[in-house]
Amino acid sequence: MRTSTAVILQLFLAANVTAAFSFTAKPVSHSTSISSSSLSMKTIAVFGASGLTSSECVYQALKNGDTVIGLARTPENLVIPAGSGGSSAGSPLSDDKLTMIKGSVTNADDVAKVFAAGKVDGVIVGLGGMCIGVLWFASFLN
C-alpha cells in the first residue's frame, strides 16, 4: 500500500509540476544590426592560464578576438592546446592580444597586476586541485 501511494503521489506531483511550468515559446528574432566582431570585444582575465583547461580557454578567447590577461606561475608553459590547436598544438601560444603575468594567485600584488593591466570584463579561474591557495583566492574575490 505504501509503494502504490508513493507512486500515485509522484504521478500527481509530476502532472502538477508539468502543468505549472508549461509555456509556449515565442520565436527568437535576431538583429542583424550588431556585427559579430562587436560582440567579441572584451578582456578576459585567466588565473592559472598555462594549465590544460585554462590554456584551451585562452586559445578560444584569442581566436574569438578577445583580449586575454593571464596569470600563471610559469607563463612559458602556455602552449597551443591539443584540443583545438590542430597541427600547431604544443607550440608556444603568443598573440598581440595576450598579456601574460608571472605570479601566484596567493600573492595579492600579483592578482592586482592582472586587474591593473586593463579593464577586465570577465574572469576565468582555472586553478588545479583544492589547495589552500585556491581557498585564499576565492576569499579574495569576495
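Q: Does Lys119 count as buried or exposed?
A: A residue is buried under 20% relative accessible area, exposed over 50%, and partly exposed in between (1.4 Å probe, protein chains only). Lys119, at 65% relative accessibility, counts as exposed. Please note that this is a predicted model, in which local features need pLDDT of at least 70 and side-chain atom pairs count only at pLDDT 80 or more, whereas totals for chains, interfaces and linings use all residues. Residues are numbered from 1 along each chain as its sequence is written, and side-chain values use heavy atoms, leaving out hydrogens and water.

Q: With which residue does Lys119 form a salt bridge?
A: Side chains of opposite charge can pair when their charged atoms come close. A salt bridge requires a side-chain nitrogen of Lys or Arg within 4 Å of a carboxyl oxygen of Asp or Glu. The partner of Lys119 is Asp121, and their closest N and O atoms are 2.6 Å apart. Asp121 is partly exposed, with a relative accessible area of 44%.

Q: How many salt bridges does the structure hold?
A: The structure holds three salt bridges. Another one joins Asp110 to Lys113, with 3.5 Å between the closest N and O atoms. Asp110 is buried, at a relative accessible area of 10%, whereas Lys113 is partly exposed at 43%.

Q: Where do Asp110 and Lys113 lie?
A: Helices (H or I, at least four residues) and strands (E, at least two) are DSSP runs, numbered from the N terminus. Both residues belong to helix H4 (residues 108–116); being three residues apart there, they are separated by about one helical turn.

Q: Which parts does the pair of Asp66 and Lys42 tie together?
A: The side chains of Asp66 and Lys42 meet in a salt bridge of 3.9 Å, N to O. Asp66 lies in the loop between helix H3 (52–63) and strand S2 (67–72), and Lys42 in the loop between helix H2 (36–39) and strand S1 (43–47), so the pair ties together parts that are 24 residues apart in sequence. Asp66 counts as buried at 3% relative accessibility, while Lys42 counts as partly exposed at 33%.

Q: Which residues make up the largest nonpolar core?
A: In soluble globular proteins, nonpolar side chains tend to be buried together. A nonpolar core is a set of buried Ala, Val, Leu, Ile, Met, Phe, Trp, Tyr and Cys residues joined through side-chain atoms within 4.5 Å. Here the largest has twelve residues: Ile44, Val46, Ala49, Val58, Tyr59, Ala61, Leu62, Val68, Leu78, Ile80, Leu93 and Leu98. S1 and H3 each supply at least two residues of this core, and H3 gives the most, with four residues. A second, separate core of eight residues includes Ala45, Leu71, Ile101 and Val105.

Q: With which residues is Leu78 in contact, leaving aside its neighbours within four places in sequence?
A: Contact means heavy atoms within 4.5 Å. The partners of Leu78 beyond those neighbours are Ala49, Ser50, Ser55, Val58, Pro92, Leu93, Leu98 and Met100.

Q: What is the mean pLDDT of the protein chain?
A: The predictor's confidence in each residue is its pLDDT, from 0 to 100. For the protein chain the mean is 78, and 61% of the residues reach 70 or more. Over residues 1–23 pLDDT stays under 50, and the model has zero contacts beyond four places in sequence for them.

Q: How many helices and strands does the protein chain have?
A: The protein chain has five helices and four strands. Along the sequence they follow the pattern α-α-β-α-β-β-α-β-α. Of the 142 residues of the chain, 26% count as buried.
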